[in-house]
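Here's a quick briefing to read alongside the model. Have the viewer open and follow along.

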Protein chains: 2
Amino acid sequence: MDYAGRRSRLRKNAPQGDILILSASNVPRNYPAELYPFHQDATFRYFTGLKEPDAALLIRDDGTEILFITPPDPDDVIWTGPVPGPEMLAARSAIRYTANYADLGRYLTENTLWVEPYDFQLKLRLSTWLKISPDQLPSRASRDLGRAIIALRSVKDSDEIAELNEAISLTKRMISNAQAALEPGRLESDILAALLAPAIAKERDQAFNPIVTTHGETLHNSGYGHKIDADDMLVIDCGAESVEGYCADITRTLPALGRFSAQKQELYDAVLKAQLAGIAQTKVPQTTQYDVHIAACRALTEALQAIGLMRGNIDDSLANGAHALFMPHGIGHMLGLDAHDMENYGDDVGYAPGTKRSTQFGLDALRLARALEPGFVLTVEPGCYFIPELIDRWTAAKHLADFINYDAVAKYRDMRGIRIEDDILITTNGSIVLGPGIAK
Amino acid sequence: MDYAGRRSRLRKNAPQGDILILSASNVPRNYPAELYPFHQDATFRYFTGLKEPDAALLIRDDGTEILFITPPDPDDVIWTGPVPGPEMLAARSAIRYTANYADLGRYLTENTLWVEPYDFQLKLRLSTWLKISPDQLPSRASRDLGRAIIALRSVKDSDEIAELNEAISLTKRMISNAQAALEPGRLESDILAALLAPAIAKERDQAFNPIVTTHGETLHNSGYGHKIDADDMLVIDCGAESVEGYCADITRTLPALGRFSAQKQELYDAVLKAQLAGIAQTKVPQTTQYDVHIAACRALTEALQAIGLMRGNIDDSLANGAHALFMPHGIGHMLGLDAHDMENYGDDVGYAPGTKRSTQFGLDALRLARALEPGFVLTVEPGCYFIPELIDRWTAAKHLADFINYDAVAKYRDMRGIRIEDDILITTNGSIVLGPGIAK
């Protein structure tokens, strides 16, 4: 990875002022010495490749680069073994100068550029270094620095694509392992154990807490306690990280018995059509991800009309967001060193200057809407869900009843959820689905 | 679990003033919506049994109990599914009143008692609620409240012992699974995958990040990247949590080929003798854990003298801490809802009022030294390590050369490390090793 090149491009694109990039800190779990498994901040990793906690990079206005790090305590050798010193770490990412992290505060001024950390320990440190109260941080952060970082991180180079492909290959193995373990009577957590094993054996983190659920209609299902019944579908939404921390994000919906009932097959095909329509739209030159979203929702609406769950004029149905009863989320997001890449920088990632998220239900969850450019990597992940509480609310209100056949929907109330997701690279003349093929 | 009884005992033992106990917060990993797997604070769990983040318990001076919690947002149902409301959660732990977590600040006064959180988000919140700067928190925290909590949590009741036994049973299965996977040529991470599978399949957290290493001499080895050679020993130090979050903490040292070389067998037997001597000492009425430490170190010293690595008068050797070259850590710690139980309360857990940690190398790492009482659960975990950097330093300084045969030690320089650990319950007439037997 060309860390020095990335830093020099950032220096060119960022506003005047010293640029501060903080590594993640060690996060206490039970007490200060019992830590969550360390996970490096994506931006620090992007510009240095280093995996050290409690470090910082300062790129001064004149281009001078300094790596701030805590020199190892020789007495810690019995606990940690020998560790590389500051100079060796700086050399690894071609940074010329080093300094002690404890002295970082003395290097910061009112004109230093930084983005507000999401890490609460770093919020506290930054407010101490800058001698301001933590609630002053948001107004002092540099949105322009964030935008300069977004511009770089959004376009993936060939080294990054190789990492993403590798992460998806490992994710394919995870899903195959899970599929081999899938049978009625087992718990979701049994399948989770099979899913994670190939990644643990390669010492790879998960890009996010995996979803492994028979209740796909709960979009962010965090438990794994359900027993799998013969007529269940299992939604697996997961992704391994590559060696350098790039994230896969793949969803497959698997029938417990190896094939779907006729009714579920119809719904699965509807979601698959929506996904293929979304992927086809990513190939259109200068398309926006908003258009990708609408293309997928159009295909889903057509398919649900054919099944008899929806009805009416399709353009009007789409404009009113009637399909959000079945798919209340966005079509996808940027992917890179974070699963929702750069989400800590807010909507500057997914929305062009001067544009804003819609407030329409469903579209309000669309994280990425802007024009797609070669080098962007994003997910296309439509779904079809039967969320009882949402169905009850819309039915009671007869909401958009011109477009929804509520009598039919009532019969599907317990069908739960289906989602299919792949990772797409925008190229100069279209797009490609990254990674090896994963059956869907 | 008798949560209400625990709270009423805390109210009786704590100083005057409203008592505030905070649950853990959700901790961002990559951005605010991508979280580390949630882990509840042990003290909040001890007094409520609740697993909810961003909650609090207030026990007022008059005994009134209030659970502060954020009421679920009805619009979140599509992401989370239906979740229990505040009243249902309060009822689960027999708390009479509920209030909105967002209003907690208004209930706090200068006389509210609390212990400084280790969680940085909570430090920030507490400083906002109390309108003081974060660096004022340590001086405003109530050490007496901490001591009242320690007094309760230190003595485990039969429900807690049952949980600990269950956690150790699962840990035994983890170790068996790892042992079955152990063979030369595999990576430590392959064994880690086997170790974790039974816990993941039961949806159980690890009590701490497991150690699985061929380099046991690095005491807190955090990587799993070494290839296992035929003559390697694998140190596995791990523990599952029980359903209610009680922690096992077991160490076994396994030879890669199923049996030790003669030289390693001698060292293993030395550690085993030290462990059995330590466990025997826990059975002595009114013993201290300091005495347990010394009993184990005495047995280790005797065995290392027999091997020829140590020499000289044993009492003097012990008094000077010569054995710390081979075992630079303490014999063990309290165990309960945390692996190092209550470590966030500092040395009030392990040291009686008026006593202090020794500054002697080795003893300075003894976390628990005080008199043991029925109901205490603690670990006994001696080890023998050959830490090249430490050996080099002591050899160069001829440190305690009356007690150490440096010529012999030089030949053992690459022997690495061995540790054996079990979890012990102090009873009214002795002690018992908790859990099912695990071969050692």
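Predicted model: local features only at pLDDT ≥ 70, side-chain atom pairs only at ≥ 80, totals over all residues.

**Chain A overall**
- If you box up the C-alpha atoms of chain A along the principal axes, you get roughly 70 × 50 × 45 Å.
- As for secondary structure, chain A has 14 helices and 14 strands.
- Burial applies to 49% of the 440 residues in chain A.
- Take the contacts in chain A between residues at least 6 apart in sequence: 72% of them link residues at least 24 apart.

**Where H9(A) meets H9(B)**
- Helix H9 of chain A and helix H9 of chain B each cover residues 188–201, and their axes come within 9 Å of each other.
- The crossing angle is roughly 165°; angles over 145 degrees count as roughly antiparallel, so that is how H9(A) and H9(B) run relative to each other.
- As for handedness, H9(A) goes past H9(B) in a right-handed crossing.

**Who touches whom**
- On the chain A side, the contact uses A:Ser189, A:Asp190, A:Leu192, A:Ala193, A:Leu196, A:Ala197, A:Ile200 and A:Ala201.
- Facing them in H9(B) are B:Ser189, B:Asp190, B:Leu192, B:Ala193, B:Leu196, B:Ala197, B:Ile200 and B:Ala201.
- Sorted by type, the residues of this H9(A)–H9(B) contact come to 12 nonpolar, 2 polar and 2 charged.

Definitions and conventions:
Residues numbered from 1 in each chain as written. Chains lettered and ligands numbered in written order. Axes fitted to C-alpha atoms, helices over the stretch in contact; angles between N-to-C directions. Helix = DSSP H or I, 4+ residues; strand = E, 2+ residues; numbered from the N terminus. Parallel < 35°, antiparallel > 145°, perpendicular 65-115°, else oblique. Left-handed = near helix turned anticlockwise from the far one by under 90°. Contact = placed C-beta atoms within 7 Å. Nonpolar A, V, L, I, M, F, W, Y, C, P; charged D, E, K, R; others polar. Buried ≥ 20, exposed ≤ 12 C-beta atoms within 10 Å, placed from the backbone.
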